[in-house]
Amino acid sequence: MTFKLNDKVTWTSQSQGSTKTKVGTVVEVLPPKKRLLREHMDYGLYGGNPRDHESYVVHVPGKTDKAKGRRYWPHVSALKAAK
């Protein structure tokens with residue numbers, strides 16, 4: 001499935017025995033072999049190796065209006081369109 005800017009998406013992540021479902025908005029579509037932009041570091045997202053397929057940076061809002069939220073670079077296979 002492919003997504004475009006401003007699409008709402010959801011995925012489930014697992015860490016230290018805890019599973020969480022996240023819902024966010026696509027803020028960048030990365031073509032194959034493209035690195036993350038530096039601006040994402042301000043949101044707690046740090047680079048990694050470029051992927052060999054189109055991928056997406058997703059912004060998940062914070063729990064309060066003042067919180068800026070976080071950005072994630074989830075595996076494309078985990079993403080689903082949010083309802």
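Reply:

**Strand β3 and its surroundings**

Strand β3 runs antiparallel to strand β4 (residues 70-72), and three bridges join the two. Within this pairing, H59 has R71 of β4 as its bridge partner. The model described here is a predicted one.

β3 also pairs with strand β2 (residues 18-30), again in the antiparallel sense, over five bridges. L30 is the residue that stands opposite S55 in β3.

Six of the six residues of β3 are buried, that is, under 20% relative accessible area, so the strand is largely enclosed by the rest of the structure. Both of its faces are covered: S55, V57 and H59 are buried on one side, and Y56, V58 and V60 on the other.

Y56, V58 and V60 belong to the largest nonpolar core, whose nine residues also include F3, V9, W11, V26, V76 and L79. Strands β1 (8-15) and β3 (55-60) each supply at least two residues of this core, and β3 gives the most, with three. L79, another member of this core, touches F3, V9, T10, W11, Y56 and P74, if residues up to four places away in sequence are not counted.

V57 belongs to a second, separate core of five residues, which also includes L30, L45 and W73.

How values were computed:
Residues numbered from 1 in each chain as written. Predicted model: local features only at pLDDT ≥ 70, side-chain atom pairs only at ≥ 80, totals over all residues. Heavy atoms only, no water. Core = buried A, V, L, I, M, F, W, Y, C linked by side-chain atoms within 4.5 Å. Buried < 20%, exposed > 50% of the residue type's maximum accessible area, 1.4 Å probe, protein only. Helix = DSSP H or I, 4+ residues; strand = E, 2+ residues; numbered from the N terminus. Contact = heavy atoms within 4.5 Å. Pairing = 2+ DSSP bridges.
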